[in-house]
Amino acid sequence: MPYYIPQSRFISLIERKVCMAEIAVLRLGHRLPRDERITTHVFLTARAFGASRGFYSGQTDSSLEKSISSISENWGGKFPVAHEPSPMKLIRKMKKEGWKVAHLTMYGLPLPEVQPQLASAKKLLVIVGGEKVPPEIYEAAGFNVAVGSQPHSEVAALALLLDRALQGKELERAFDSNFGGKVKLEPSAKGKKIRGR
Ligand code: SAM
């Protein structure tokens with residue numbers, strides 16, 4: 001028998017308030033112009049899939065910060081992005097404040113193996129690598145996490161880790177009126193429905 005979700009129920013599911021862990025994402029070694037697009041995608045993915053703030057090391061990039069902030073202004077939610085000249089200092093500070101630290105690397109332990117620990121974290125810092133990740137990052141991380149054992153994209157690795165850590169709740173979270181924003185999507189079986197707020 002086909003499974004049918006009435007439109008009204010579907011919307012109320014989407015607008016449900018969802019309680020989630022606090023997640024921050026640290027992107028290492030941002031390089032201009034090479035990483036402009038990929039770092040932007042790292043933060044857009046982080047924001048859309050449940051993280052609440054971003055940090056990046058490497059070159060400062062005001063247009064990266066502006067483009068994330070303009071997405072949040074239009075689509076709702078706050079996702080501050082800050083440049084961090086010393087990632088190790090930030091990691092040590094956050095660990096002292098009780099954050100668990102997961103570093104995405106294909107050399108790490110398989111994601112399904114560490115999922116229970118990630119899912120139980122109240123505050124989770126996810127580190128996304130860049131060109132060359134120094135050994136001290138591997139040492140400092142509570143978990144070095146591999147999303148499959150092949151090299152691929154930081155964006156794909158981050159999306160899967162967030163989904164496993166938040167156990168799908170990030171897809172139920174509403175960017176509703178409490179999040180501000182100028183526009184909102186209405187789920188639609190066909191076509192595109194966008195309304196202003
Ligand atoms: N060497 C490349 C460069 O010059 O830009 C970048 C390497 S890789 C695409 C960048 C990051 O993606 C890694 O540091 C890691 O955080 C993430 N990544 C790639 N494959 C991964 C995997 N299988 N598991 C977990 N993370 C992965």
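What follows is a short chat about the predicted model shown above.

Visitor: What should I know about the model and the numbering before we start?
Guide: The model is predicted: local features need pLDDT of at least 70, side-chain atom pairs count only at pLDDT 80 or more, and totals for chains, interfaces and linings use all residues. Residues are numbered from 1 along each chain as its sequence is written.

Visitor: OK. How many helices and strands in the protein chain?
Guide: The protein chain has 7 helices and 8 strands. These are DSSP runs, numbered from the N terminus: helices are H or I with at least four residues, strands are E with at least two.

Visitor: And how much of the chain is buried?
Guide: Of its 197 residues, 28% count as buried. Buried takes 20 or more other C-beta atoms within 10 Å of a residue's own, exposed takes 12 or fewer, and partly exposed is in between; C-beta atoms are placed from the backbone.

Visitor: Which residues have the most contacts inside the largest nonpolar core?
Guide: Val25, Val126, Leu158 and Leu161, in a core of 39 residues. Helix H7 gives the largest share of this core, 6 residues. A nonpolar core is a set of buried Ala, Val, Leu, Ile, Met, Phe, Trp, Tyr and Cys residues joined through C-beta atoms within 7 Å.

Visitor: What is valine 126 in contact with?
Guide: Ile23, Val25, Ala102, Leu104, Leu158 and Leu161, leaving aside neighbours within four places in sequence.

Visitor: Back to H7. At what angle do H2 and H7 pack?
Guide: About 10 degrees, with the axes 9 Å apart; H2 covers residues 36–48 and H7 residues 154–166. Axes are lines fitted to C-alpha atoms, for helices over the stretch in contact, and angles run from 0 to 180 degrees between N-to-C directions.

Visitor: So parallel or antiparallel?
Guide: H2 and H7 are roughly parallel to each other. Under 35 degrees counts as roughly parallel, over 145 as roughly antiparallel, 65 to 115 as roughly perpendicular and the rest as oblique.

Visitor: Which residues meet there?
Guide: From H2, Ile38, His41, Val42, Thr45 and Ala46; from H7, Glu154, Val155, Leu158 and Ala159. They divide into 6 nonpolar, 2 polar and 1 charged. Ala, Val, Leu, Ile, Met, Phe, Trp, Tyr, Cys and Pro count as nonpolar, Asp, Glu, Lys and Arg as charged, and the others, Gly among them, as polar.

Visitor: Where is the cis peptide bond?
Guide: It joins leucine 32 and proline 33, with omega about 0 degrees. Proline 33 is in the loop between strand S1 (22–30) and H2.

Visitor: What about the phi of glutamine 167?
Guide: Positive, about 50 degrees, although glutamine 167 is not a glycine. Glutamine 167 sits in the loop between H7 and strand S7 (183–186).

Visitor: Is glutamine 167 buried or exposed?
Guide: Glutamine 167 counts as exposed, because it has 12 C-beta neighbours inside 10 Å. Leucine 166 has 22, so leucine 166 counts as buried.

Terms used. Two residues are in contact if their C-beta atoms, placed from the backbone, lie within 7 Å.
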